[in-house]
Amino acid sequence: MPSTDMETFRKVLKESKNIIVVAGAGLSAASGLSTFRGQGGYWRRFQAMSLATPRAFDSNPSRVWQFYHYRRESALRVKPNAAHYALARFTSPQVREAHCAPESTFTLITQNVDGLSPERLRRYRHQSPFLRKQRTARMSLKCTADYLTYLVQTGTEKVLEASDNEVEIPVDQLPRCEACGELARPGVVWFEEIPHHLDLIEELAEAANLCIVVGTSSTVYPAAGYASLVKDCGGKVAVFNLERTSGDEDSDFLFLALVKRRSPLRWVSHKRASDWNR
């Protein structure tokens, strides 16, 4: 049975030299973004996970582009929440010195494409090696012909009115590759595709003394296996989540919280979120 004792967790954190955080969509739930599972896991009448695959795009690129347009516009309207602030603070050597072992390392591994974690890290003037994104970014496109990936700074289609009615956009009016004119797709890594940095992340997991799992159901591999890898190599696992998931019983610590009301990561600092903006 996982422990819910925060003081014991703090002691483990204080002794940890190599720390990884595996963050899922639940990290951004308090910002107002829906997760792919549970409540809010539907877009119009479609289950969101069913639209985030290569097969879905091949079958109906118009529908998938509208879905990602909706997700991109939603992400652009929200701001990082207290959990993003807390994790960003861990990139500071001074914060780690206060809460972790001397000369500790910290890496955030995220499957999220909303851009909220990088936004907070830029505030602290940090990027690599503290952040390892597995699914690229919300503002990138990928050519379907040669898989050239590039960034766009504006919307890739007209803003659609909120409606339950499906709009069929002709393929020739969907986003095109700037280099060759072929059909473009969202530049994210979909389910059924291989995420980025797998070898590096596996090395980090094997060396980790502590794996903190935040806001993920831990059902999609390979990300779902990182906590188990840390445990197999002698490390500890702490789960901070919205609700119970199937892998919770194998963790050393479990902290559940309604993150729309409060951050599950307040253990980082006693500062208010408003203080972290300064």
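F57 is a buried residue, with a relative accessible area of 4%. That makes it a handy way into this structure, which is a predicted model. F57 sits in helix 2 (residues 54–59), in a protein chain that has nine helices and 11 strands.

**The chain as a whole**

- The protein chain runs to 278 residues, and buried residues make up 51% of them.
- Take the contacts between residues at least 6 apart in sequence: 74% of them join residues at least 24 apart.

**Rings that pair up**

- Searching the whole structure turns up nine aromatic pairs.
- One of them is F9 with F255, an edge-to-face pair with 5.8 Å from centre to centre and 70° between the planes.
- This pair ties together distant parts of the chain: F9 belongs to helix 1 (residues 6–15) and F255 to strand 11 (residues 253–256), 246 residues apart.
- F9 has 0% relative accessibility, so it counts as buried.
- F255 is buried too, with a relative accessible area of 10%.
- F57 and W190 make a tilted pair, because their ring centres are 5.6 Å apart and their planes meet at 40°.
- W190 is buried, at a relative accessible area of 2%.
- Ring pairs also join F9, F240, F253 and F255 into a cluster.

**A charge over a ring, and a partner for it**

- W190 has another neighbour to look for: the charged end of R185 sits over its ring, 3.8 Å from the centre.
- R185 is itself buried, with a relative accessible area of 3%.
- R185 also forms a salt bridge with E193, where the closest N and O atoms are 2.8 Å apart.
- E193 has 23% relative accessibility, so it counts as partly exposed.

- In general, side chains of opposite charge can pair when their charged atoms come close.
- The whole structure has five salt bridges.
- K231 and D252 form one of them, with 3.2 Å between the closest N and O atoms.
- That bridge links distant parts of the chain, 21 residues apart: K231 is in helix 8, while D252 is in the loop between strand 10 (236–241) and strand 11.
- K231 counts as partly exposed because its relative accessibility is 33%.
- R244 and D248 also meet through their side chains in a salt bridge, at 3.0 Å from N to O.
- R244 is partly exposed at 40% relative accessibility, whereas D248 is buried, with a relative accessible area of 1%.

- V230 is part of helix 8 (residues 226–232).
- With 0% relative accessibility, V230 counts as buried.
- Leaving aside residues up to four places away in sequence, V230 touches I20, A205, A208, C211, G235 and K236.
- I20 is 210 residues from V230 in sequence, yet the C-alpha atoms of the two are 9.3 Å apart in space.

Note on methods: Residues numbered from 1 in each chain as written. Predicted model: local features only at pLDDT ≥ 70, side-chain atom pairs only at ≥ 80, totals over all residues. Heavy atoms only, no water. Helix = DSSP H or I, 4+ residues; strand = E, 2+ residues; numbered from the N terminus. Buried < 20%, exposed > 50% of the residue type's maximum accessible area, 1.4 Å probe, protein only. Contact = heavy atoms within 4.5 Å. Phe/Tyr/Trp six-rings, centres within 6.5 Å; stacked < 30°, edge-to-face > 60°. Lys NZ or Arg CZ within 6 Å of the ring centre and 35° of its normal. Salt bridge = Lys/Arg side-chain N within 4 Å of Asp/Glu carboxyl O.
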